[in-house]
Amino acid sequence: MESSLEFSNSLGSVSSLMTRCRTFKVLLIGDSGVGKTCLTHRLSDGRFPSRVEATIGVDFRERQLDVDEEKVKLQLWDTAGQERFRKSLVQHYYRNVHAVLFIYDVTCPASFAGLASWVEECRQNRVGQDVPRFVVGNKSDLREPGRKAQQVSREQAASFAKAHGMTLFETSAKKPPVKRAGGEFQPDSAEDIVFAVAAKLKRQGRPSGGDAPAHNGSFKVGNRKKAEKELWTCC
Ligand SMILES: Nc1nc2c(ncn2[C@@H]2O[C@H](COP(=O)(O)OP(=O)(O)OP(=O)(O)O)[C@@H](O)[C@H]2O)c(=O)[nH]1
């Protein structure tokens with residue numbers, strides 16, 4: 001009797017040490033140059049990279065956080081905006097994705113107009129309506145009050161987000177927005193974004209498997225079996 005009690009106690013302590021962590025695959029898509037790579041850095045390690053080059057294929061970075069006392073890991077997939085660098089990998093981007101961040105540059109209306117084709121690409125790759133979608137206007141630090149015509153207004157973006165059932169954020173990967181007291185619209189911080197995404201994913205439940213490699217780096221095609229096993233990991 002004594003020994004079985006001891007055994008179950010030790011099992012309990014082992015399981016509390018091995019806290020489980022849910023890993024979610026989050027895709028960042030949008031035109032080339034809108035700042036997907038810089039945002040991926042800001043969302044994962046809170047930094048703005050000193051030097052970036054056009055993404056070739058896909059890179060990924062991870063961010064772990066606690067949501068309601070549970071560990072959640074976001075695997076942020078930074079995809080290439082340039083067609084020539086993404087062609088052969090598009091199907092891998094979308095396989096078993098858990099959330100999509102549509103990125104545009106608030107100072108580049110063409111990148112906002114381009115969101116329609118990214119929504120269409122998602123549809124063609126069978127990303128279901130149940131997959132949470134967020135629209136993120138980046139480079140808010142470059143907004144200039146006198147150049148409204150050359151910028152994407154908050155109202156335009158809000159109406160796009162509403163029409164597509166998305167949550168809207170406006171932020172800067174370069175200069176983290178500082179919240180001020182007052183009623184006017186204020187940009188969101190990277191922390192606002194990661195916590196909103198993680199909270200929504202956690203509420204939705206268990207990840208269903210996917211192409212999730214285990215560390216920051218570039219995705220190697222052909223590593224899928226291992227990746228699928230790692231969606232539930234010990235943090
Ligand atoms: N001012 C400002 N510049 C930014 C911001 N985010 C990115 N940039 C700059 O925008 C340029 C493009 O950034 P990237 O992160 O490489 O853009 P991308 O969307 O990943 O581009 P692709 O890899 O070609 O798809 C770089 O010169 C960045 O320094 C921002 O929030 N504010």
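**Confidence and layout**

The protein chain has an average pLDDT of 82, and 77% of the residues score at least 70. For anyone new to the term, pLDDT is the predictor's confidence in each residue, from 0 to 100. This is a predicted model, so local features need pLDDT of at least 70 and side-chain atom pairs count only at pLDDT 80 or more, while totals for chains, interfaces and linings use all residues. Residues are numbered from 1 along each chain as its sequence is written.

Confidence in the protein chain is highest in strand E4 (residues 99-105), at 98, and lowest in helix H8 (residues 224-229), at a mean of 38. Over residues 219-232 the pLDDT is below 50. Residues 208-215 also stay under 50. Where pLDDT is low, the predicted coordinates should not be read in detail. For the complex, the predictor gives an ipTM of 0.99 and a pTM of 0.83.

Now the layout. Of the 235 residues in the protein chain, 37% are buried. Buried means that 20 or more other C-beta atoms lie within 10 Å of the residue's own; exposed means 12 or fewer, partly exposed is in between, and the C-beta atoms are placed from the backbone.

Please look at strand E3 (residues 70-79), where eight of the ten residues are buried. E3 runs parallel to E1, with eight bridges joining them, and Thr 23 stands opposite Lys 73 in E3. Strand E2 (residues 58-67) runs antiparallel to E3, with ten bridges, and here Arg 61 stands opposite Leu 76. Two strands count as paired if DSSP finds at least two bridges between them. E2 and E3 form a hairpin with two residues between them, and Asp 68 in the turn has a positive phi of about 45°.

Val 26 is in strand E1 (residues 20-29). Why does Val 26 count as buried? Because it has 24 C-beta neighbours inside 10 Å. Leaving out residues up to four places away in sequence, Val 26 touches Leu 74, Leu 76, His 98 and Val 197, among others. Contact here means C-beta atoms, placed from the backbone, within 7 Å.

**Helix H6**

In helix H6 (residues 154-163), Ala 157, Phe 160 and Ala 161 are buried. They lie on the same side of H6, because they cover an arc of only 100° around the axis, the arc being that of the directions from the helix axis to the C-beta atoms. The buried residues of H6 pack against helix H5 (115-124), strand E5 (133-138) and strand E6 (167-170). On the other side of H6, Glu 155, Ser 159, Lys 162 and Ala 163 are exposed. After H6 comes Gly 165, with a positive phi near 65°.

**The ligand**

Which residues come nearest to the ligand? Of the 20 around it, they are Gly 35, Thr 37, Thr 55, Gly 81 and Lys 174, where a residue is near if its C-beta atom, placed from the backbone, lies within 6 Å. Helix H2 (residues 36-45) gives the largest share of this shell, three residues.

Definitions and conventions. Helices (H or I, at least four residues) and strands (E, at least two) are DSSP runs, numbered from the N terminus. Two residues are in contact if their C-beta atoms, placed from the backbone, lie within 7 Å.
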